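Here's a quick briefing on the model below. Have a look at the structure first, then read on.

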Amino acid sequence: MKKAVVFLLVIIMALGVFSFSGCNNGKPADNSCVICGDDPCTCPDIPPPEYAEDGALVVFSFESYEALLRSVAFSAAQSKIELSDNPAYVTQGKYCARMRMNQVKNSAGYYDDSTFQLLANTPYIPKADFSDVEYFAIDIYNASGFEVEFIFSYANTYTHLYRSTLKEGANKVLMYADRETHDFAAINIFDFTFKGGEGSDGPLDIYVDNFRVFETEIEAKLYEPDMSGENWFDFSHAAETSYFWYFGAIESIFSRPAHSINRNSNFILTGDSSMRVDFFQKRNGAMDCTGFRTADDCLGDFNKYVGADNWYVAFDVYNATAGPITLSAIVFSNYADETVSIPVITIAPGAWSDSTKARIYVNALKTSFTGAALNIMTVTFSFGGMTQPGSIYFDNIRVTK
Ligand SMILES: [Ca+2]
């Protein structure tokens with residue numbers, strides 16, 4: 001075994017990543033075996049770090065069945081993966097992975113979305129801290145015979161890292177790592193999700209190779225909104241959109257509400273920007289989830305605004321859909337699932353919400369919620385009356401008298 005490999009494995013062992021139970025028989029005397037299969041244990045053939053032609057550090061190159069077994073997971077039970085050495089599809093090393101996904105049509109006549117995951121901080125993907133990554137990249141050859149919508153994200157997240165459409169044939173996918181919005185030091189599972197085709201399209205066939213990263217020496221710095229004053233969210237920074245999560249059931253991550261920063265002054269009430277929220281249809285034509293909420297425990301301290309001054313937490317909503325919509329806002333406490341609803345608001349198309357209605361009376365929360373102090377978990381915003389895909393604009397969550 002090469003010295004560099006032994007060194008790498010010893011580091012992994014020192015980090016205590018793996019349990020060695022059951023790995024006593026046949027283990028090499030130098031304790032360098034970290035993967036325990038059938039007795040006797042065998043050591044993986046892990047290559048030293050390599051760099052792709054474009055200068056990126058190769059994170060995973062799909063080079064062996066052992067590596068696929070240890071480092072790739074699928075969401076769909078009937079997905080299939082195998083090695084291919086066809087030079088038309090291999091972009092790094094000797095092999096790539098051929099994947100066939102979505103082999104089962106659901107009752108509505110189309111194929112479900114499917115995800116493959118790469119599991120990092122493992123013997124075949126030893127990189128454990130991605131906070132130095134400026135761009136992720138991967139090569140995907142789309143042999144499905146149709147374009148495929150694609151989302152790159154990470155486990156247990158409400159925001160996408162990257163979304164695009166894969167054309168037929170070769171795709172070199174370059175994905176920006178927004179290190180002000182996401183803490184990549186803590187991410188070990190990457191999700192690659194593909195929208196299922198229509199029934200006539202057939203299953204997805206792709207070849208995948210060369211998951212790699214472009215590193216930077218500039219230190220990562222997470223953005224955190226300042227809730228100490230009376231302006232809580234003004235949407236001047238892109239990272240603010242990650243504090244808003246979809247609320248309600250979703251058919252697909254491809255049709256869940258999408259949040260982005262808007263700088264078109266037609267849809268801004270105060271400041272230079274607002275948040276745009278796009279809502280989408282399910283594949284049967286009905287609207288998918290038309291609600292969103294604030295992230296858990298991210299708002300300012302409501303207790304500062306309880307008392308004689310009659311404070312409100314206010315917000316502005318612009319209806320950019322074709323027809324009138326209703327807005328139901330509900331405040332959730334962290335105590336015993338208590339909620340307080342504000343009266344339903346109707347917003348005309350092409351108009352902003354009434355500022356005397358789009359607000360939460362803080363003293364009313366104090367009256368309704370139990371507990372010595374207001375312990376607010378989230379505020380939900382659910383829209384009714386939408387029959388077509390459309391957008392709303394959301395601005396300026398603030399405390400006001
Ligand atoms: Ca490869």
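In strand β15 (residues 274-279), 5 of the 6 residues are buried, so the strand is largely enclosed by the rest of the structure. Buried here means that 20 or more other C-beta atoms lie within 10 Å of a residue's own, exposed means 12 or fewer, and partly exposed is in between, with C-beta atoms placed from the backbone. Keep in mind that this is a predicted model: local features need pLDDT of at least 70, side-chain atom pairs count only at pLDDT 80 or more, and totals for chains, interfaces and linings use all residues. Residues are numbered from 1 along each chain as its sequence is written.

**Around β15**
- Strand β14 (residues 258-262) is joined to β15 by 5 bridges, and the two run antiparallel.
- β15 also has 5 bridges to strand β23 (residues 390-400), again antiparallel.
- M275 is the bridge partner of I261, and M275 also stands opposite F394 in β23.
- On terms: strands (E, at least two residues) and helices (H or I, at least four) are DSSP runs, numbered from the N terminus, and two strands pair if DSSP finds at least two bridges between them.

**An open sheet**
- Five strands line up as β2-β5-β10-β7-β8 in an open sheet, with antiparallel pairing.
- β2 (72-74) and β8 (162-166) are at the edges with a single partner strand each, so one side of each has no neighbour in the sheet.
- Neighbouring strands in this sheet are turned by 20° against each other on average, direction ignored; the axes behind such angles are lines fitted to C-alpha atoms, and angles run from 0 to 180 degrees between N-to-C directions.
- Between β5 (residues 114-119) and β10 (residues 189-194) there are 6 bridges, and one of the pairs is L119 with I189.

**Y154**
- Y154 sits in strand β7 (residues 148-154) and counts as partly exposed because it has 19 C-beta neighbours inside 10 Å.
- Beyond four places in sequence, Y154 is in contact (C-beta atoms, placed from the backbone, within 7 Å) with L161, I187, I189, F190 and D191.
- Q117 is 37 residues from Y154 in sequence, with 8.6 Å between their C-alpha atoms.

**The chain overall**
- The protein chain has 3 helices and 23 strands, and 34% of its 401 residues count as buried.
- Mean pLDDT (the predictor's confidence in each residue, from 0 to 100) is 88, and 88% of residues reach 70 or more.
- Over residues 1-34, pLDDT stays under 50.

Terms used:
Contact = placed C-beta atoms within 7 Å.
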